[in-house]
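Here are my notes on the model you sent. Please read them with the structure open.

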Amino acid sequence: MEQYIKTISPENQKAMIDHLNETVLPHMIINPRGSAKGRRQIWIKTATPIQPSGKFHVGLEDDRLVNFINKLAPEGFTPETILVTKGGVIRRHRDASTLSWQGMSINLGQITWYYERNYQNYSWSPTDHEVIPAGRWDLTGGEVFMFNTKNAHWVENAHPERWGINVWMVADKSR
């Protein structure tokens with residue numbers, strides 16, 4: 001976790017979870033492969049390819065969710081692509097090179113989140129890389145934080161009703 005932003009109130013969490021259950025859940029798919037195999041997910045606004053040669057696609061439109069995210073985003077961070085997940089774990093990974101180094105995560109439920117802070121900045125340099133043991137955070141819901149998406153991270157112990165909202169800007173090289 002690079003930067004803690006805030007904790008969303010229980011009332012606002014419930015309102016967003018109710019919205020996600022009613023509006024987003026019916027459109028979600030079960031991820032068939034990769035590090036999040038078996039997890040429910042859907043892209044909002046823009047579906048981002050994993051491979052640099054892949055194509056971007058239009059994601060589900062949800063103005064209420066996008067407005068919610070925009071209010072939480074720190075200055076200078078423009079949410080461009082959003083992955084909403086429900087339940088499920090994700091194995092150790094780094095986010096796709098099509099996404100920028102800086103990402104925002106909104107946690108709505110119980111998980112254990114791991115993060116290896118090997119790159120200290122939101123960029124690569126030959127002197128910036130260190131091997132640092134993974135940090136562990138037992139999250140209960142409402143946490144909003146920024147992290148370096150190129151540092152390895154993963155989720156364990158996800159409650160089946162836990163919602164995750166992951167937000168990125170698109171990498172300059174992918175525009």
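1. The chain exposes about 9000 Å² of surface, and 51% of that area is supplied by carbon and sulfur atoms. Keep in mind that this is a predicted model.

2. On charge, the chain carries 20 positive and 18 negative side chains. The centres of these two sets lie 6 Å apart.

3. Of the 175 residues in the chain, 51% are buried.

4. The radius of gyration is 15 Å, which agrees with the value near 16 Å that a compact globule of 175 residues would have. Taken along the principal axes, the box filled by the C-alpha atoms is roughly 45 × 35 × 35 Å.

5. The secondary structure consists of 2 helices and 13 strands. Among contacts with a separation of 6 or more, 80% are made by residues 24 or more positions apart in the chain.

6. Where does Thr98 sit? Thr98 is in the loop between strand 7 (90-93) and strand 8 (99-108).

7. Is Thr98 buried or exposed? Its relative accessible area is 1%, and the cut-off for buried is under 20%, so Thr98 counts as buried.

8. Which residues is Thr98 in contact with, leaving aside its neighbours within four places in sequence? One run of partners consists of Thr48, Pro49, Ile50, Gln51 and Pro52.

How values were computed. Residues numbered from 1 in each chain as written. Predicted model: local features only at pLDDT ≥ 70, side-chain atom pairs only at ≥ 80, totals over all residues. Heavy atoms only, no water. Helix = DSSP H or I, 4+ residues; strand = E, 2+ residues; numbered from the N terminus. Rg over C-alpha atoms; globule rule 2.2 N^0.38 Å. Buried < 20%, exposed > 50% of the residue type's maximum accessible area, 1.4 Å probe, protein only. Contact = heavy atoms within 4.5 Å. Areas by Shrake-Rupley, 256 points an atom, 1.4 Å probe, with all protein chains shown as cover. Lys, Arg positive; Asp, Glu negative; His and termini not counted. Charge placed at Lys NZ, Arg CZ, Asp CG, Glu CD.
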